[in-house]
Amino acid sequence: MRHNDPMEDPLHLADEVADALVAGRPVVALESTIIAHGMPYPRNVETALALEALVRSGGAVPATVALVDGLLRVGLSDDELERLGTADGVAKASLRDVGAVLASGLLGATTVASTMFAANRAGIRVFATGGIGGVHRGDNGDVSADLTALGRFPVAVVCAGAKAVLDLPRTLEALETLGVPVLGWGTDAFPEFWTRGGLLPVSARVDEAFQAAAVLDAHWSAGLTSGIVLGVPIPTEHEADRTVIDAAIVEGLTAAAANGITGSEVTPFLLSHIADATGGASLDANVALVQENTRVATEVAVALAATR
Ligand code: PSU
Ligand code: MN
């Protein structure tokens, strides 16, 4: 059994992904926690397939990352995406969980942190997702491993910023401490997931893909080894009503506390609570923004491949 052999590297690239990387063609990594824990079925699987199609139509190769049958897989089949979106008990695997899930041989969905780790090992520099984890509100010390991963792995994470369920000022301070650039796509403001933001600044603004690729290339060519956040604001027509979202967040945080939800369960709990509280509006916005992020990530990956 493959997963019982400790001598073998569990990293496994799909042929299409390996071929593209060898040839220097653009590849975009995608995560799987958003499929298994971020959205309900069938929207999750439909969205996962739509993201892969968007990457292809933009001229790049999609590489969705997950832990499957004891392997750290980079590039999944449609059947495997379906499995991740429907199976019971799919583990939410951040960095600390990768070893245990691989050893179990079971299914694990990768977070931003573990997807960055896998992308870096594979040699993929651009990754699209919904939003990064960050510093949670309150003082219980809940800080996502996404932040430390951003400090460690040279991968650009194209996202709609971070959700306002987090403490966004502290999240940005932590990114600054880690030396992580926070770029704004056509904006000076850090995007706040369901809304375009406006209160918090990014560290630099980029207005088109070649400019973003030039910043990425210069950062890494200079020898810096961190990740980069490229914050893409949700398209205006999909933006949620800030008052409605803010009320749903407060309600969700109260419900999480009342139900004793802690640790890695907090983010999935809040997402589903907010989706219910907004009558599905937050879910529609979530799908729209992750599609937008994937379009931008593909453009940037194409520009980066042309630059290098
Ligand atoms: N933000 C979202 N949707 C998500 C997540 C974050 O809008 O599905 C997921 C991502 O996979 C992210 C993870 O990496 O939650 C962060 O979880 P934690 O805070 O437990 O590190
Ligand atoms: Mn946490």
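How far apart do the C-alpha centres of domain 1 and domain 2 lie? I read off 20 Å for the two centres, with domain 1 covering 1-124 and domain 2 covering 128-308, bounds that come from an automatic or database domain assignment. To the contact (heavy atoms within 4.5 Å) domain 1 gives 34 residues and domain 2 gives 32 residues. I noted about 2500 Å² buried between the domains, 70% of it on carbon and sulfur atoms; this is the accessible area (1.4 Å probe) lost on putting the two parts together, summed over both.

I noted that this is a predicted model, in which local features need pLDDT of at least 70 and side-chain atom pairs pLDDT 80 or more, while totals for chains, interfaces and linings use all residues. Residues are numbered from 1 along each chain as its sequence is written, and side-chain values use heavy atoms, without hydrogens and water.

Next I looked at helix H4 (78-86), where Glu 80, Leu 81, Leu 84 and Gly 85 are buried, that is, under 20% relative accessible area with a 1.4 Å probe, protein chains only. These residues lie on the same side of H4, because they cover an arc of only 140° around the axis, taken from the directions from the helix axis to the C-beta atoms. Among the elements that they pack against are helix H2 (33-38), helix H3 (43-57) and strand E6 (108-110).

Last, I checked Phe 193, which is buried at 3% relative accessibility, and over whose ring face Lys 163 lies at 5.4 Å from the centre (the cut-offs being NZ of Lys or CZ of Arg within 6 Å of the ring centre and within 35 degrees of the ring normal).

Key. Chains lettered and ligands numbered in written order. Buried < 20%, exposed > 50% of the residue type's maximum accessible area, 1.4 Å probe, protein only. Helix = DSSP H or I, 4+ residues; strand = E, 2+ residues; numbered from the N terminus.
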